[in-house]
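Here are my notes after a pass through this one. Have a look at the structure first, then go through the points in order.

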Amino acid sequence: MRLFACDKSSIQELKVENLPATMDEVIAGKSIDKQLQRHSGAGQSESVFHGHQGDTDFEKNNQEHFLRVVESAVSKYLQGKTQPLVLAGVERIVSDYRHLNSYNHLAEGFAHGSFDRIPESEIHSQARELV
(Lines give C-alpha, C1' and ligand atoms only; values in the text may rest on other atoms or scores of the structure.)
Protein backbone atom coordinates (compact mmCIF):
# COMPACT_ATOMS: atom_id res chain seq x y z
CA MET A 1 0.00 0.00 0.00
CA ARG A 2 1.35 3.39 -0.92
CA LEU A 3 0.21 6.98 -0.55
CA PHE A 4 1.31 9.70 -2.96
CA ALA A 5 1.07 13.48 -3.07
CA CYS A 6 0.44 14.84 -6.55
CA ASP A 7 0.23 18.25 -8.12
CA LYS A 8 -0.13 19.16 -11.80
CA SER A 9 3.44 18.32 -12.66
CA SER A 10 4.80 15.86 -10.09
CA ILE A 11 4.15 12.90 -7.84
CA GLN A 12 5.91 11.95 -4.63
CA GLU A 13 5.49 8.88 -2.46
CA LEU A 14 4.74 9.83 1.15
CA LYS A 15 6.05 8.19 4.28
CA VAL A 16 2.98 7.39 6.40
CA GLU A 17 3.42 6.09 9.93
CA ASN A 18 1.87 2.63 10.45
CA LEU A 19 0.84 2.25 6.79
CA PRO A 20 1.53 -1.38 5.88
CA ALA A 21 3.15 -2.07 2.53
CA THR A 22 1.35 -5.39 2.14
CA MET A 23 -1.48 -7.38 3.65
CA ASP A 24 1.09 -9.97 4.76
CA GLU A 25 2.58 -7.39 7.14
CA VAL A 26 -0.78 -7.04 8.89
CA ILE A 27 -1.79 -10.67 9.05
CA ALA A 28 1.67 -12.14 9.73
CA GLY A 29 1.34 -14.80 12.38
CA LYS A 30 -2.35 -15.33 11.73
CA SER A 31 -3.25 -18.66 10.22
CA ILE A 32 -6.35 -20.67 9.57
CA ASP A 33 -5.31 -22.83 12.56
CA LYS A 34 -6.14 -19.95 14.88
CA GLN A 35 -9.74 -20.19 13.69
CA LEU A 36 -10.02 -23.82 14.82
CA GLN A 37 -11.14 -25.12 18.20
CA ARG A 38 -10.01 -28.38 19.74
CA HIS A 39 -11.88 -30.76 22.02
CA SER A 40 -11.47 -34.36 23.07
CA GLY A 41 -13.45 -36.92 21.17
CA ALA A 42 -15.91 -39.08 23.14
CA GLY A 43 -13.98 -42.12 24.35
CA GLN A 44 -11.05 -41.26 22.11
CA SER A 45 -7.52 -40.28 22.98
CA GLU A 46 -7.34 -38.03 19.93
CA SER A 47 -8.38 -34.43 19.60
CA VAL A 48 -11.19 -33.39 17.31
CA PHE A 49 -10.91 -30.04 15.52
CA HIS A 50 -13.76 -27.96 14.18
CA GLY A 51 -13.71 -24.51 12.68
CA HIS A 52 -15.84 -21.40 12.73
CA GLN A 53 -15.02 -20.13 9.28
CA GLY A 54 -14.14 -21.45 5.88
CA ASP A 55 -11.14 -20.26 3.91
CA THR A 56 -13.23 -17.62 2.13
CA ASP A 57 -14.47 -16.06 5.37
CA PHE A 58 -10.96 -16.15 6.81
CA GLU A 59 -9.56 -14.35 3.75
CA LYS A 60 -12.38 -11.79 3.80
CA ASN A 61 -11.77 -11.09 7.49
CA ASN A 62 -8.04 -10.70 6.85
CA GLN A 63 -8.72 -8.28 4.00
CA GLU A 64 -11.11 -6.25 6.13
CA HIS A 65 -8.59 -6.14 8.98
CA PHE A 66 -5.89 -5.01 6.54
CA LEU A 67 -8.12 -2.27 5.10
CA ARG A 68 -9.01 -1.06 8.62
CA VAL A 69 -5.29 -0.74 9.43
CA VAL A 70 -4.73 1.14 6.15
CA GLU A 71 -7.73 3.41 6.77
CA SER A 72 -6.53 4.22 10.26
CA ALA A 73 -3.03 5.19 9.08
CA VAL A 74 -4.31 7.19 6.07
CA SER A 75 -7.02 9.07 7.97
CA LYS A 76 -4.56 9.94 10.74
CA TYR A 77 -2.05 11.23 8.17
CA LEU A 78 -4.72 13.25 6.33
CA GLN A 79 -6.32 14.68 9.48
CA GLY A 80 -6.94 18.40 8.99
CA LYS A 81 -6.13 18.27 5.26
CA THR A 82 -8.53 18.96 2.41
CA GLN A 83 -6.75 17.53 -0.65
CA PRO A 84 -8.77 14.94 -2.54
CA LEU A 85 -7.88 11.32 -1.86
CA VAL A 86 -7.90 9.34 -5.10
CA LEU A 87 -7.99 5.58 -4.73
CA ALA A 88 -6.27 3.21 -7.13
CA GLY A 89 -6.82 -0.52 -7.22
CA VAL A 90 -9.14 -3.31 -8.20
CA GLU A 91 -12.85 -2.52 -7.87
CA ARG A 92 -13.67 -5.00 -5.10
CA ILE A 93 -10.96 -3.74 -2.75
CA VAL A 94 -11.60 -0.08 -3.55
CA SER A 95 -15.29 -0.63 -2.82
CA ASP A 96 -14.51 -2.31 0.50
CA TYR A 97 -12.15 0.53 1.45
CA ARG A 98 -14.81 3.14 0.63
CA HIS A 99 -17.12 1.55 3.23
CA LEU A 100 -14.43 1.97 5.90
CA ASN A 101 -13.19 5.42 4.83
CA SER A 102 -13.60 8.33 7.24
CA TYR A 103 -11.77 11.01 5.20
CA ASN A 104 -14.21 13.67 3.97
CA HIS A 105 -12.44 14.43 0.70
CA LEU A 106 -12.47 11.04 -1.00
CA ALA A 107 -12.72 11.40 -4.79
CA GLU A 108 -15.76 9.77 -6.36
CA GLY A 109 -13.89 8.00 -9.13
CA PHE A 110 -10.84 5.78 -8.83
CA ALA A 111 -7.99 4.51 -10.98
CA HIS A 112 -8.80 0.94 -12.02
CA GLY A 113 -6.20 -1.79 -11.96
CA SER A 114 -3.35 -3.33 -10.05
CA PHE A 115 -0.68 -0.75 -9.34
CA ASP A 116 2.02 -2.86 -7.71
CA ARG A 117 4.42 -2.54 -10.62
CA ILE A 118 3.09 0.52 -12.41
CA PRO A 119 5.51 3.45 -12.79
CA GLU A 120 4.71 6.48 -10.65
CA SER A 121 4.28 8.55 -13.82
CA GLU A 122 1.33 6.34 -14.87
CA ILE A 123 -0.23 6.57 -11.41
CA HIS A 124 0.17 10.37 -11.60
CA SER A 125 -1.45 10.51 -15.03
CA GLN A 126 -4.47 8.47 -13.95
CA ALA A 127 -4.92 10.37 -10.67
CA ARG A 128 -4.84 13.75 -12.43
CA GLU A 129 -7.70 12.68 -14.68
CA LEU A 130 -9.90 12.10 -11.61
CA VAL A 131 -9.51 15.50 -9.91
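1. Let's start with Gln-63, which sits in helix α2. Keep in mind that this is a predicted model. Is Gln-63 buried or exposed? Its relative accessibility is 11%, and the cut-off for buried is under 20%, so Gln-63 counts as buried.

2. What does the side chain of Gln-63 pair up with? It makes a polar contact with the side chain of Asp-96, at 2.7 Å.

3. Now the main core. The largest nonpolar core holds 20 residues, and the ones with the most contacts inside it are Leu-19, Val-74, Leu-85, Leu-87 and Tyr-97. Which elements each supply at least two residues of this core? They are α1 (23-27), α2 (55-78), β5 (85-89), α3 (91-100) and β6 (106-112). Helix α2 gives the largest share, six residues.

4. Not counting residues up to four places away in sequence, Leu-85 touches Leu-3, Val-74, Leu-78, Tyr-97, Asn-101, Tyr-103, His-105, Leu-106 and Ala-107. Two of the names on that list, Val-74 and Tyr-97, are also among the residues with the most contacts inside the largest core.

5. There is another core too, apart from the largest one. This other core has five residues, including Phe-4, Ile-11, Ala-111 and Phe-115.

6. If you're checking backbone angles, stop at Asn-18. Its phi is near 65°, a positive value in a residue other than glycine. Most residues other than glycine have a negative phi. Where is Asn-18 found? It lies in the loop between β2 (11-13) and α1.

7. Finally, the overall layout. The protein chain has four helices and six strands, running β-β-α-β-β-α-β-α-β-α from the N terminus on. Of its 131 residues, 28% are buried. If you take contacts between residues at least 6 apart in sequence, 47% of them join residues at least 24 apart. As for the surface, the accessible area of the chain is about 9,200 Å², with 47% of that belonging to carbon and sulfur atoms.

Key:
Residues numbered from 1 in each chain as written. Predicted model: local features only at pLDDT ≥ 70, side-chain atom pairs only at ≥ 80, totals over all residues. Heavy atoms only, no water. Buried < 20%, exposed > 50% of the residue type's maximum accessible area, 1.4 Å probe, protein only. Contact = heavy atoms within 4.5 Å. Areas by Shrake-Rupley, 256 points an atom, 1.4 Å probe, with all protein chains shown as cover. Core = buried A, V, L, I, M, F, W, Y, C linked by side-chain atoms within 4.5 Å. Polar contact = N/O pair within 3.5 Å; in protein donor to acceptor, adjacent residues only side chain to side chain.
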